[in-house]
Amino acid sequence: MLDVVISGGEVVDGTEAPAYRADVGIRGERIECIGDLSQVAARRVIDAKGLTVSPGFIDTHTHSEGDLLVDPQHACGLRQGITTEFLGIDGMSYAPLSHDNYLTYRRWLKGILGEPPEDLDMSSVEAFRANYHEKVSINTAYLVPNGTVRLEAAGFRDVPLTEDLMARYKDLVREGMEQGAVGFSTGSSYYPGPWTSTDELVEICELVRDLGGVYMAEPRRANPERAFGGGGVPEVLEIGRRSGVKLHFAHFRTDPRTAGKTTEHLALIDEAKSEGVDVTLDIYPYASGSTIPVSFLPSWTQDGGPDAIIERLKDPGDRKKVVDYLEKEFYYMRSLDEVVFSYIPGDPSLEGISLPEYAERIGKSLGEALCEILLQEDLSVGYTMPPPTSYGLWRQVSKDSMELIARDDYMVCSDITPAGSMPHPRSYGAFPRFLGRLRRAYPTVSVEGMVHRMTDRPARRFNLTDRGRLAEGYFADITIFDAERVIDTSTYDDPVQYPVGIPYVLVNGQVAVDSERCTGVLAGQAVP
């Protein structure tokens with residue numbers, strides 16, 4: 001007897017092959033058989049007539065590690081059909097860290113990752129993975145994060161990686177990958193990571209290459225003087241050229257400044273690919289982003305970590321320098337006057353309030369107001385940028401997203417940032433937005449093609465064993481959806497809204513979403 005039979009659905013197997021009608025039989029945590037199973041007994045039969053049966057979605061870019069530890073059901077991801085999420089993204093996470101360093105980085109990252117328990121073992125990638133294995137609803141994969149490793153090897157200090165420090169750094173990366181990490185990541189401005197130079201990253205990525213991993217980069221914004229070509233895309237490509245590592249660009253999309261210019265946006269990457277640099281990319285389908293304002297602060301304020309930052313914000317002279325920097329020099333995608341608070345744990349009534357509104361309330365300038373709330377909240381502030389006021393620009397970014405996802409090197413991500421009552425809508429809607437709303441509005445990619453970009457393509461790129469396809473012997477990570485009805489409902493002004501049209505999700509053979517309701521099953525594994 002089989003444990004589960006999914007009956008009568010249109011099977012989209014993840015490989016981009018045409019859909020076909022078949023039943024899917026599951027025994028334990030794996031797919032036992034695919035075909036006509038109408039005469040086979042099963043403990044549970046799921047009627048999938050009129051629905052599409054696909055592999056569970058693989059999300060290559062999330063910031064869910066904190067949320068999963070306090071809410072292991074993780075409905076924001078699971079209800080999207082996501083069965084595997086990547087952690088350790090943008091060069092920041094919790095392992096490998098000593099306990100004191102864990103508490104330090106937990107504090108610095110609280111605005112984006114929330115507040116997991118203090119008493120966790122994060123001393124190694126193996127220990128990190130054990131905190132999630134069969135304890136949360138989804139599978140988790142990990143990339144060794146640059147900032148985290150740098151903190152453990154060299155402290156929260158702006159120092160070069162001397163021979164001894166580099167040896168320690170590389171030992172930590174090697175150990176992490178040997179313990180199951182699928183690659184290495186860096187971020188744009190998440191300290192202490194940006195103190196690492198291009199030359200240092202090349203040396204580290206040579207090791208990652210030798211260990212068979214992927215280097216996932218959010219192109220650098222901070223400390224451009226330490227980077228080849230001033231950072232950004234040129235630096236990432238230089239690291240790929242010199243190290244030979246496989247590159248993956250994080251959430252590489254157009255925005256209101258570059259809308260409609262996909263060819264120009266990808267020009268340097270396509271040139272490098274023509275030279276033999278191995279590049280893939282991912283994307284979420286929105287025109288704005290979300291992050292933590294502590295990352296806005298200039299490099300010199302970060303040296304010494306959270307305690308030192310707080311002291312500098314209290315010091316009138318230092319604070320004036322920070323305010324001048326924020327108001328006269330700082331620019332990241334869009335300006336400070338578009339910041340909307342998404343997570344203010346000390347005063348949730350401010351969540352959804354813009355920085356200009358807050359500044360007016362307290363009678364201060366934008367830079368002063370941001371320093372004030374960072375000081376008040378012990379740095380724990382998250383923010384979201386609203387969509388562009390021009391609906392035409394917003395539509396163009398959506399069209400661009402579909403043009404980019406149609407390429408043979410792109411895959412889908414969410415960039416889940418679930419902390420607070422006003423998170424970015426991508427945290428609840430990224431995958432169904434691509435799969436439903438945008439696929440139907442701009443039909444450049446078929447259902448089979450979209451599923452491939454959400455399943456088999458990331459599984460192959462990051463070497464996830466027996467996942468990403470519907471095939472006999474593969475793990476039974478399965479998402480069942482209505483191709484004509486699936487759609488996101490999360491909006492910027494009301495983001496905590498689940499999609500519709502994804503009635504069933506199975507993780508390792510267990511039904512985790514049943515008739516669009518989470519079941520409470522915690523069957524996720526640390527993969528690969």
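Q: Which residues do ring pairs link into a cluster with Tyr105?
A: Ring pairs join Tyr105 with Trp108, Phe156, Tyr191 and Trp195 in one cluster, where rings of Phe, Tyr and Trp (its six-membered ring) pair if their centres lie within 6.5 Å. This is a predicted model, in which local features need pLDDT of at least 70 and side-chain atom pairs count only at pLDDT 80 or more, while totals for chains, interfaces and linings use all residues. Residues are numbered from 1 along each chain as its sequence is written, and side-chain values use heavy atoms, with hydrogens and water left out.

Q: How many aromatic pairs are there by that rule?
A: The count comes to 19 aromatic pairs.

Q: Why is the pair of Tyr94 and Tyr102 called edge-to-face?
A: The ring centres of Tyr94 and Tyr102 are 5.4 Å apart and their planes stand at 90°, so the pair is edge-to-face; planes under 30 degrees apart count as stacked, over 60 as edge-to-face and the rest as tilted. Tyr94 and Tyr102 are both buried, where buried means under 20% relative accessible area, exposed over 50% and partly exposed in between, with a 1.4 Å probe and protein chains only.

Q: And what about Trp394 and Tyr492?
A: Trp394 and Tyr492 also form an edge-to-face aromatic pair, with 5.9 Å from centre to centre and 70° between the planes. The pair links distant parts of the chain, 98 residues apart, since Trp394 is in helix α17 (residues 391-405) and Tyr492 is in the loop between β17 and β18. Helices (H or I, at least four residues) and strands (E, at least two) are DSSP runs, numbered from the N terminus.

Q: Is Trp394 buried or exposed, or partly exposed, and what about Tyr492?
A: Trp394 has a relative accessible area of 24%, so Trp394 is partly exposed, whereas Tyr492, at 17%, is buried.

Q: Switching to charges, which ring does the charged end of Arg30 sit over?
A: The charged end of Arg30 sits over the ring of Phe475, 3.9 Å from its centre, and Lys321 lies over the face of Trp300, at 5.8 Å from the ring centre. A charge sits over a ring if NZ of Lys or CZ of Arg is within 6 Å of the ring centre and within 35 degrees of the ring normal.

Q: What is the strand order in the open sheet of eight strands?
A: The order is β6-β7-β8-β9-β10-β11-β12-β16, with parallel pairing, and two strands pair if DSSP finds at least two bridges between them. The edge strands β6 (57-59) and β16 (410-412) each pair on one side only.

Q: How many bridges join β9 to β10?
A: Four bridges join strand β9 (residues 183-186) to strand β10 (residues 214-217), and these run parallel, with Phe184 opposite Tyr215 in β10.

Q: Which residues stand across from Thr479?
A: Ser54 has Thr479 as its bridge partner in β17, and Thr479 stands opposite Val505 in β18. Strand β5 (residues 52-55) is joined to β17 by four bridges and the two run antiparallel, while three bridges join β17 to strand β18 (residues 504-507), also antiparallel.
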